[in-house]
Every structure is written in C-alpha cells, then in structure tokens.
Amino acid sequence: MCGIAGWVGALDRPAAETSDRQLAALAHRGPDARGSALRQGAAVGQTRLAVIDLETGNPPIGNEDGTISVALNGEIYNYRELRRRLRKAGHVLSTSGDTEVVAHLAEDCEPVELARRLDGMFALAVWDERRRRLVLARDRVGKKPLYYFHDGRTLVFGSEVKAVLAHPAVARELEPSALAAYLTFGYVPTPRTFFRGIRSVPPGHVLVLEAGAAPEIRSYWDPPLLGVTAEQHRGSLAEQARDVRGLLREAVGRRLVSDVPLGAFLSGGIDSSAVVGLMAEQTEEPVRTFTIGFDDDDGFDERPYAQQIARRFRTDHRTFEVRPNAVDLIERLVWHHDQPFGDSSAIPTFLLSELTKGHVTVALSGDGGDELFAGYRRFAAAMLLRRYERVPCFARRALHGGVGRLPAGLANGRAGTVQRFLRRADEGLPGALRSWISIFAEPDRRSLLGDGADGWALAAYNAAWERTAGAGDLDRMLHVNLRTYLLDDLLPKVDRMSMAHGLEVRSPFLDTRLVEHALTIPGAHKMRGLSHKRVLKAAVADLLPPALLTRRKQGFGVPLDRWFRSDLRGYVQGMLGGRDARLRRHVDGAVLDRMLAEHACGTRNRGHQLWALLTLEVFLRREGW
C-alpha cells in the first residue's frame, strides 16, 4: 500500500521541492520508501509501504527505456498472470512486484483497456513521455482514493486531498455547497469535496490528459444491474450458496499473498468470521485476529462473539477497548480524512488499526458482505414500504397515531425503529431510503442552513436511483448503495484509518469476480421478509456456529448518546456551545443551541448528529473558515 502524487503543467519552483512536499504529506501511507520520476512539465511520485517484492520494488518504477513512469497505490491480485503474459510477449521485467506490470501494460494498451486488465484494489498514475499523456485510474468499487485538481493549465493529483493542496497551483478554498451534502450524508458525495476545484476520480474510471487537451474521464466498469445490464444466475439457494462459498474462498486465497505478516479484523459478525474461517483453512500458522469493543451496557461490545470465533478457529487473538477519551482523537481523524467525516465508527477503526499494525502489516476484513448480500435493515424496510403503500389511507393514519404514542425505547428500541419507518414511509422510494441514512432529517437540515441549501447532493442521489430504472427494488438499492454509502463512507473510513498507521486492509468480499456474481443472484436468495443474507448464510452454514447465523445484526457503532450526556458533555458544549464556534458562521446558532439542549436533557438522542457537527467544527477551525 502506498500514496501517490504528482502533476502535469508548468511550475515556477524546483520540481523536486514540490514533489517532496506532496510526498511528505503522504508519508504515513508509505513509510518504507519514496521516489519520483521528474520529467519536463510532469512528475509522478510515490511513497511506499512494502508488502510484496521487498527488495526491488522501491519507486520510481518504469519500463526498460524510462519512457513510462508508474505510481501505484494498492495491490494487483492478478499480477503474476500478467507478468507471464508480458514475458511471453517479449517484455523484460527487472522487478518481481506488481507496479512494473502496469508500466509494461501501458506500452501496449490504451487507458481503458489497461484498467480493465487489472484485478485488484488500486489507484494509479501512468506518465507516458513519448505520448506526453497522463493516465489516472481507480479500481472498480473505489477501495483506493484518488483526487485531482485542474485549472486549465495544471493538473495535480494525489491519494489524499492534502497531497493535492501541497502543490502551489492549488488554493485552499471552501466549496459552500458541500455543507448541505455533508449534513445530509455525513460525507460529500463523489466526485466533489469540501475544497473548491478538487474532485475525486470516480471508481471504475480512468482520467486521461493528452497534450493540449482537457482531461477526459472514461468508464471501464460498472456494477452489473440485474434485469438491465445482466441476466440472473439460475439455480437453487443451495446451488447459489455453493458458488458463493467457492468464490469467497478463492478471493480470500488471492489476498493471502504477502511478503510481510498478515492477519484479520474480527468483529464476531458473519462477514469477518467467514473470512477468518476461510483463512484458517488455507494457512498453516494460526490466523492473527484483532477485535475492538466497549466497556459498557449499550450493546456495542462484540468482543464476546469475536472470542467465540477465535476459539473455534484457534486464532492468535488480541482485543482492545475504546473509552470515551478516544474522542480526543478527533483532530487526528479530521487530519487524515482531510474533511469532516460523520461516521463515528472511524474512532474504533482508527484504534483497531493501531492495535493491528503493532503485530502485522496486512489485515483482511469483512467489508462488503452487507453491500452484496442485502445485510442492512433499511433494505428490508424499503421492501416493507412497498407493502405499506398498498395499505388504505385511513389505516395508515390509525397506525401512525397508535405507534406514535408508544415509548421509543419499548421492546428494546424496536418501537422507535417503527416510528422512524412510519415518519418517512410516505416519501416512497428513493426518498424514504435516503432519509433513513441521513445524518440530519430534512427539517433539521433546513433549519440549520436555511431553505434552498440542499442543492446538488440530493439531486445526485435521486439521479443515481433513476439510472437503475428497469431493475427490481432490491437490486436498485444494492447498486445505489455501492455507489454512495460504500464508496463515500465505508471505504474512505477503512482506507484513511488503516493507512494512518501504515496498515494495508484487503476486502475479499469486494473481489471483482465475487461482486459480479453476487449482484446477479436473484433477490429472493439474498433477502426474504426480515431474513437477510440468506445465500451467504447458507454458504458458510457449516463453517460458523449456528447461533452466529441467527444473531441480530449489530453495527460497528459508538455509544455517543451516553458519552455526550456524561463523560463528554462538557467537551461538546465547549466546542459547539461557545459564541466563538466557527460552525456558527455557517449554521443558525439558535437551532444549534436547541439541539445541544435537547440531547443534554434527554428529550432527543442526537449523539451522531453532534459528532458530525464536532468534526465539521474541527475542520472549519483548522482551515480558518
């Protein structure tokens, strides 16, 4: 794993100095080596975390005559097969790693074909001196980040925004429309950022900059959409489960290739437990597993479940506990994200990565299982919504009235869940689905920012839904979720928090073959009623304990509601309640005060909303906005 950065265009200062500044901003992503290929009007640089080819893989990497220069962040899982083909075609390779493979492919392939031939998680830059052409490419689902800036004269790129900002051509200017997007989703949707003019390369795309032309973004892959761009895989649930098991086992095996110590995140849920079980089948030494939890009664602690799995597969297991003072990490978290980030599970992810890096350099995770096999409760809620729409209006009103009078905490919080469902049900799809994943509901968001502030982000979400027209509801939701929540929340969280410690995380569930197969499995094999991930559970039924397969899904959450009323109440009030809070320059201060008071006295739980506002406040203070 690494960090990449560079530019194409004129520069009024020494190129080596500018490249060093960019790469210094990415030192945490690649602590083992750094190097740049500097050309007239162009630079391609990389910091390196050595995982494969420890002896000959240091940057810069290119072809035999130096006309191709490559920087690669990530892993190409089919690089050995590609090496054999290149050598058979007459190419001479001087290293044993994957980066040089990209350089030689670039000699023979046009940009779109180059990206299509690569199977892995990657963000890469290729400078072709003969063609005076820059190619940027990002993997199919967006596991590795890649940002760029273009002002008509200079194009600057980097693995993180901070590396782009390190170039003198790029100004630090706020993108005002990002505020509404962030308060809606907890992130700024791809391709935009909080910085004016800085964008991210979309997943499954290449950016091509030819001499004398504007940058052109071209697609090379899109998730298959059942009934629109792909036909469903036929077969019974048992047959589908057998195929999934085989593909997942192969995906795990491909991710065990490493010249450095390797382990796994273990939450005690189905996805990470299945990965650990399949690792144990394919390794001789005990799998090294790592878990994080909370010392409280809020139901967030999964350490006991992880311990059961660790015993089952006889792993070398270690745990870590998160305490309220972990919120002191907020400055570091915002620095690594470069932007506000509304998902508070970044805290345990950061600490888990720190714990894990003390023992291994590579860790496998269970990310992607919920996205492929319909593991989120909101998917079931949306399918239930279709039935609700057939209920007569008078019956809906009676249901609203009766449920609305129940205490939200009744039946272990299920009454509150039903209340939230009913409050948004009349919006239909995709409005209700978007509301269920929003940090702030529309009335609160408009109160904070004023009318007309929603702008492009909601339109972009609706457009993503419309592009899936013709498919079934569940397939549409899975497709949109891949291109929104997975892309802009889960994947950046894991990438930034793991790379903060120089830890590489690999996700077998996001293997290309498994993704393409899973998205064409009939919806009924994934979810029926409130039964989620049916085909995946069937695929690993003999591998995992039966109790785990029936246990209610538990998210990787943080007990913020309690923390912000007790241990951290003074901290929140001090950050957001003072008249000098930067946030008050951008939102209605009276509305902010009301939200703080509602949470403090317990009339409403606003823990996750307050976290989103805290990270925004820290970001605004850091940037001076």
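Here are some friendly notes on this predicted model, point by point.

1. Let's begin with helix H6, residues 178-185. All of its residues, 8 of the 8, are buried, so the helix is largely enclosed by the rest of the structure. The buried residues are Ala-178, Leu-179, Ala-180, Ala-181, Tyr-182, Leu-183, Thr-184 and Phe-185. They pack against four helices: H16 (431-437), H17 (442-449), H18 (455-466) and H27. Just after the helix, Gly-186 takes a positive phi of about 85°.

2. H6 and H27 pack with their axes 10 Å apart, at an angle of about 150°, and the crossing is right-handed. On the H6 side the contact uses Leu-179, Tyr-182 and Leu-183, and on the H27 side Ala-612, Leu-613, Thr-615 and Leu-616. By class, these residues divide into 6 nonpolar, 1 polar and no charged.

3. H27 (residues 607-623) also meets helix H10 (residues 330-337): their axes come within 10 Å and cross at roughly 70°. H10 is therefore roughly perpendicular to H27. From H10, the contact draws on Ile-330, Glu-331, Leu-333, Val-334 and Trp-335; from H27, it draws on Trp-611, Leu-614, Thr-615, Val-618, Phe-619 and Arg-622. The class count here is 8 nonpolar, 1 polar and 2 charged residues.

4. H7 contributes Arg-245, Leu-248, Arg-249, Val-252 and Gly-253, while H8 contributes Ala-274, Val-275, Leu-278, Met-279, Glu-281 and Gln-282. The contact residues divide into 6 nonpolar, 2 polar and 3 charged.

5. Thr-356 sits in helix H11, residues 346-357. With a relative accessibility of 0%, Thr-356 counts as buried. What is Thr-356 in contact with, leaving aside its neighbours within four places in sequence? The partners are Phe-265, Phe-290, Ala-363 and Leu-503.

6. Now for some backbone details. Most residues other than glycine have a negative phi, and most peptide bonds are trans. Asp-338, which is not a glycine, has a positive phi of about 70°. Asp-338 is placed in the loop between H10 and H11, and is buried, with a relative accessible area of 3%. Ala-374 likewise has a positive phi, near 60°. Ala-374 lies in the loop between helix H12 (369-373) and helix H13 (377-388), and at 0% relative accessibility it counts as buried.

7. Please check two peptide bonds too. The bond from Pro-59 to Pro-60 is cis, with omega near 0°, and Pro-60 is in the loop between strand E3 (42-48) and strand E4 (61-62). The bond from Thr-190 to Pro-191 is also cis, with omega near 10°. Pro-191 belongs to the loop between H6 and strand E10 (198-200).

8. Last, the cysteines. How many disulfides does a search of the whole structure find? The search finds 0. Cys-2 is buried at a relative accessible area of 5%, and Cys-109 is buried at 6%.

Terms used
Residues are numbered from 1 along each chain as its sequence is written. This is a predicted model: local features need pLDDT of at least 70, side-chain atom pairs count only at pLDDT 80 or more; totals for chains, interfaces and linings use all residues. Side-chain values use heavy atoms; hydrogens and water are left out. A disulfide is a pair of cysteine sulfur atoms within 2.5 Å. Buried means under 20% relative accessible area, exposed over 50%, partly exposed in between (1.4 Å probe, protein chains only). Contact means heavy atoms within 4.5 Å. Helices (H or I, at least four residues) and strands (E, at least two) are DSSP runs, numbered from the N terminus. Ala, Val, Leu, Ile, Met, Phe, Trp, Tyr, Cys and Pro count as nonpolar, Asp, Glu, Lys and Arg as charged, and the others, Gly among them, as polar. Axes are lines fitted to C-alpha atoms, for helices over the stretch in contact, and angles run from 0 to 180 degrees between N-to-C directions. Angles under 35 degrees count as roughly parallel, over 145 as roughly antiparallel, 65 to 115 as roughly perpendicular and the rest as oblique. A crossing is left-handed if the near helix is turned anticlockwise from the far one by less than a right angle, and right-handed if clockwise.
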